[in-house]
Amino acid sequence: MSVLVITDPTAPNQPDHALCTTITAAKQLGPVTLLLAGSEINEMASRCELINGVDSVLFLQDEQLEKTGAEQLVSIILSLKQRYRHILAPATTFGKDLLPRLAAKLGVDMLSDVVQILDSERFVRPLFAGNVYQTIQHQHTPTLLTIRPTAFSPALMGEQPAERHTISKPKKWPRHSNHIALTQPNTDRPDLGSAEIVVAGGAGVNTEQGWQQLGELADKLGAALGATRSAVDAGFAPNTWQIGQTGRIIAPRLYIAVGISGAIQHLAGIKDAGTIVAINKDPKAPICSIADYTLSGMMEQIIPEWIRV
Ligand SMILES: Cc1cc2nc3c(=O)[nH]c(=O)nc-3n(C[C@H](O)[C@H](O)[C@H](O)COP(=O)(O)OP(=O)(O)OC[C@H]3O[C@@H](n4cnc5c(N)ncnc54)[C@H](O)[C@@H]3O)c2cc1C
């Protein structure tokens, strides 16, 4: 039996990092079928068909899917004639919204945030902010998994498109909730989840000017901007920038932590980061003990010097 991977039709620049890493994970389980349902998704489908490892694409384009949400996608998945042994989605807001609903409709449990696939029945996932890893055996069909994007390398683009099969829409669309708007941040910076370099600020960056300087540094390095929960709570950074247990999980090559103490809930989001640089006035802050390089001092002095270089 093959594996079904659900695509987020509302994500900009699809196929994105999260989808490509989910396909790498899916490939370990069998032949991969991608479900792509939405409105005006022709171009997106042509690009997704070229991802290495995708064997076929189920395609449903319908103007009523302009406001596609979990409700509509679940009704499409339930209406599919073929049965799948595994159903996967990335552990993003999209996957976290979709798979629990599907699991409830199918009457099965689901495994979230999978970081390793041992075989078709055994999966590894983190618990307690990544301090413990649990191996689970799951024998029921279908097995529903969300895949942590930082735990797998992304599938690359190939040249040979996968076969496209147009599927029919369900007889009736569920309309329990009404999607009103989709607002996406307007930024030229890379996406936090897939950025090679991330500059993040914490409670130690506590002025507008300080955040402006972090932005300048990020732009100079081609980096994404991130934040701790304290910085988000203080209103200096939007929720979407939060890194950690209750924020984004990231895996940049270079992570620059400015005015961040290194609480375990924050570190849970940067476990897969490559080189970590801490800029902190307190050399005993916990982040300094896990950082590859520490610059001890005030960010107000260090960051402007970096920008000038
Ligand atoms: C259930 C739960 C979930 C949570 N989830 C998250 C999460 O997802 N992400 C997250 O980040 N937190 C999360 N938290 C909060 C977390 O516990 C910490 O409170 C938070 O990460 C601390 O943020 P901080 O490092 O910015 O602030 P602080 O701990 O206050 O550290 C500020 C640091 O800045 C340094 N500093 C101050 N001034 C300067 C300066 N001028 N120049 C240089 N350094 C300076 C200080 O020395 C200090 O080390 C969660 C907490 C709970 C209970």
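Modeller: Start at Ala129, which is placed in the loop between strand E7 (122-127) and E8. The model is a predicted one. Although Ala129 is not a glycine, its phi is positive, about 55°. Most residues other than glycine have a negative phi. Ala129 has a relative accessible area of 18%. Buried means under 20%, so Ala129 counts as buried.

Another positive phi is found at Asp113, again a residue other than glycine, where the value is near 60°. Asp113 belongs to strand E5, which covers residues 110-114.

The backbone can also be checked at its peptide bonds. Most peptide bonds are trans. The bond from Thr141 to Pro142 is cis, with an omega of about -5°. Pro142 is in the loop that runs between strand E8 (132-137) and strand E9 (143-147). A cis bond also leads from Gln14 to Pro15, and its omega is near 5°. Pro15 is placed in the loop between strand E1 (3-6) and H1.

Next comes helix H1 itself, residues 17-27. This helix is mostly covered, with eight of its 11 residues buried. Among the buried ones are Ala18, Leu19, Cys20 and Ile23. Thr22 is part of helix H1 too. The relative accessibility of Thr22 is 0%, which is why Thr22 counts as buried. Thr22 and Ile249 are 227 residues apart in sequence, and their C-alpha atoms are 15 Å apart in space.

Thr33 is in strand E2, residues 32-38. Because its relative accessible area is 6%, Thr33 is buried. The Thr33 side chain has a polar contact with the side chain of Ser56, at 3.2 Å. Ala291 is in the loop between helix H8 (286-290) and strand E15 (293-296). With a relative accessibility of 15%, Ala291 counts as buried. Between Ala291 and Ile276 there are 4.8 Å from C-alpha to C-alpha, and the two are 15 residues apart in sequence.

The ligand sits in the second largest pocket. It is surrounded by 26 residues, and the closest are Ala203, Thr228, Thr246, Ser261 and Asn280. Sorted by class, this shell has 15 polar, seven nonpolar and four charged residues. Helix H6 (229-233), helix H7 (264-267) and helix H9 (299-308) each give the shell at least two residues.

Some atom pairs can be named. Asn280 has a side-chain N or O atom 2.7 Å from an oxygen atom of the ligand. For His266, a polar side-chain atom is 3.0 Å from an oxygen atom of the ligand. With Gln245 the backbone is involved, and one of its N or O atoms lies 3.1 Å from a ligand oxygen. Taken on its own, the ligand has 990 Å² of accessible area, and the protein covers 75% of this.

How values were computed: Residues numbered from 1 in each chain as written. Predicted model: local features only at pLDDT ≥ 70, side-chain atom pairs only at ≥ 80, totals over all residues. Heavy atoms only, no water. Near = heavy atom within 4 Å. Polar contact = N/O pair within 3.5 Å; in protein donor to acceptor, adjacent residues only side chain to side chain. Areas by Shrake-Rupley, 256 points an atom, 1.4 Å probe, with all protein chains shown as cover. 1 Å grid on protein atoms, 1.4 Å probe; cavity = no way out; pocket = protein on both sides within 12 Å on 5 of 7 lines; lining within 4 Å. Sits in = over half its atoms within 2 Å of the grid points. Helix = DSSP H or I, 4+ residues; strand = E, 2+ residues; numbered from the N terminus. Nonpolar A, V, L, I, M, F, W, Y, C, P; charged D, E, K, R; others polar. Buried < 20%, exposed > 50% of the residue type's maximum accessible area, 1.4 Å probe, protein only.
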